[in-house]
Amino acid sequence: MIMSDTLQANYVVALYIRLSEADRNVGINGKDESESITGQRNFLHDFISHKSDFEDAKIIEFCDDGKSGTNFSRSGIKQLLDAAKSRSINCIIVKDLSRFGRNYIEVGDYIEQIFPFLGIRFIAVNDNYDSIDHPYGSAGLLDVSFKNVIYDLYSKELSQKTILAHRQLADKGYCLSSFYGYERSLNNKHELIVNETAAAYVREIFKRANNGEIAIEIARDFNLRKIPSPSKKETSMWRSSMISTILRDERYTGCVIYGKTKSAKIGSKQKVKVDRAEWSIVQNAIPTIISMELFQSVQAKLKYTPRNTISTGNKPHIFYEKVKCGHCNYTMRCEGKKSKYYHCVTYRLNSNIDCQIERISENALIDTVLASIRQQAQLFRKAVKTEQCRKEKVGKKRQIMLKNIADLESVIGMKTQEKMQAFEDMVSERITQAAYRSKCESCDTYICNTKTKISALKEQCKQEETVQNPAVNAFLPYTNLRTLTRDIVDELIDNIYVYSGNRVEIIWKYNDSFMLDETTML
């Protein structure tokens, strides 16, 4: 495929690079990224450098370091697909099909239908696949189809082997991860030793719970004493849920437990609970922090309340983990059966933090968010009309510039012909060598100046390019939105902050100059 200089000036090539978690070596000897990521990048750039098709094309990169290819729930691939859907890229290049994905059905959908529909060229270098050579799709290419199936089966087999290997380690009493109260031994990564500082707090928690104190009382006291919480965040407080989690963790009696949950399906992040009979439990595998007698005594006193999380299979509420207290930034608790409401419980955990105690109705929040989404959508609709008018003017301007570029390139061709004619005249002795050199110098100077003008015009063309804003595509379908769903909230909103006086601030997922700074009074 030979592309003109005009086409190349607007051509965008996206490189996609992925490495699985199992092959990562980030953090070793100060590395910021895995060696294989760097190797894939160099490989793809070398491939491009030997392809005249991509001369002067803009190269952008999307990367997932340490991500599974069994699904498309990866930040890098999501950004790549968003760019593809907004038609801001022309070509996607990967090292091989398995880098793009290992689910052969999804990969096939993109190669066979989505990318051709979007007019995007797709290249898998090691698989010797270039969609431009197969205008009718790759369905008839048995080699590509079988490779997709093999990659998918290999990934599933690898996942099963990893799960089996972890279970075998657990059955031998080896620890797969550390937890509060323990730390890994420097001599053996599968051996845990007691962290005496944290262990002392664990013993205190069990002792106080056995004496009848409830979780929120212990959490409040720990916060007043400024005891560091198990959370890795420096500003994190102790919460009653943390205390309850510790009190129900049987591993403090010295046992290793594996297999309490499992993935709903291979490649899925959703977890489902497993019956205790199927767990791997090895007694006396690690040093004990509390006795089995104390643990059982505490369990008898605890009032069990099932947690409403995705892992239990229950459907989360519409603003799950989205509504935050504007004063302490912690997630507000959702309560109520018929009429749900949100409230901050931080004031009950730490009296030093001045948080509001009013309740915020979920229905009121829904009405506010719906109105804000419609307002943003209407604003974008007006912006699109304005942009369309601007595009028409820019289009006419670009056409003039492209015509000027073509005219200047024709002049370069004419000057090159003049040099060739001068050479023939010198050979036939119609002009002297001095006259030939003078003519060449004159033509070369003119050609050099003309190329400078062409470069300047091409740069102007690039500056006049318009890329479809992903926020526009996200909001426009909701101009007349009447019903709010969890999926819409996830798509559009990062967080909702609630302040005193029921003042609400919506933080959108899209950062755009057209978008309103949404602060509303309920």
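What follows is a short chat about a predicted protein model.

Q: What kind of model is this, and which residues count for local features?
A: This is a predicted model, where local features need pLDDT of at least 70, side-chain atom pairs count only at pLDDT 80 or more, and totals for chains, interfaces and linings use all residues. Residues are numbered from 1 along each chain as its sequence is written, and side-chain values use heavy atoms, with hydrogens and water left out.

Q: What does the protein average in pLDDT?
A: The average is 78. pLDDT is the predictor's confidence in each residue, from 0 to 100. In this protein, 76% of the residues score at least 70.

Q: Where is confidence lowest, and where is it highest?
A: Lowest is helix α1 (residues 5–9), with a mean of 48. Highest is α7, at 94.

Q: Which stretch has nine contacts beyond near neighbours in sequence?
A: That is residues 25–32, where the pLDDT is below 50. Contact means heavy atoms within 4.5 Å.

Q: And how many contacts does the model have for residues 305–313?
A: It has 16 beyond four places in sequence. The pLDDT stays under 50 there too.

Q: New topic. How many helices and strands are there?
A: The protein has 15 helices and 18 strands. Both are DSSP runs, numbered from the N terminus: helices are H or I with at least four residues, strands are E with at least two.

Q: How do the axes of α7 and α9 cross?
A: They cross at roughly 90° and come within 10 Å. Helix α7 spans residues 196–210, and helix α9 spans residues 240–247. Axes are lines fitted to C-alpha atoms, for helices over the stretch in contact, and angles run from 0 to 180 degrees between N-to-C directions.

Q: What does that make α7 and α9 to each other?
A: Roughly perpendicular. The cut-offs are under 35 degrees for roughly parallel, over 145 for roughly antiparallel, 65 to 115 for roughly perpendicular, and oblique for the rest.

Q: Which residues meet there?
A: From α7, V202, I205, F206 and A209. From α9, I243, I246 and L247.

Q: Are the residues of that contact nonpolar, polar or charged?
A: Seven are nonpolar, with no polar and no charged. Ala, Val, Leu, Ile, Met, Phe, Trp, Tyr, Cys and Pro count as nonpolar; Asp, Glu, Lys and Arg as charged; the others, Gly among them, as polar.

Q: Back to the whole protein. How many of its 522 residues count as buried?
A: 40% of them. Buried means under 20% relative accessible area, exposed over 50%, and partly exposed in between (1.4 Å probe, protein chains only).

Q: Is R398 buried or exposed?
A: R398 is buried, with a relative accessible area of 17%. R398 lies in helix α12 (residues 362–427). Its C-alpha atom is separated by 6.1 Å from that of C461, 63 residues apart along the chain.

Q: What about N495, buried or exposed?
A: N495 counts as buried, at 18% relative accessibility. It sits in strand β16 (residues 493–499). Leaving aside neighbours within four places in sequence, N495 touches E321, K322, K324, E505, I506 and I507.

Q: Where is D96?
A: D96 is in the loop between β3 (91–94) and α4 (97–100). D96 is buried, at 12% relative accessible area.

Q: What is phi for N128?
A: Near 55°, a positive value in a residue other than glycine. N128 is in the loop between β4 (121–124) and β5 (129–130). N128 is exposed, at 71% relative accessible area.

Q: And what about phi for N329?
A: About 70°, positive although N329 is not a glycine. N329 is in the loop between β12 (323–325) and β13 (333–335). With a relative accessible area of 48%, N329 is partly exposed.
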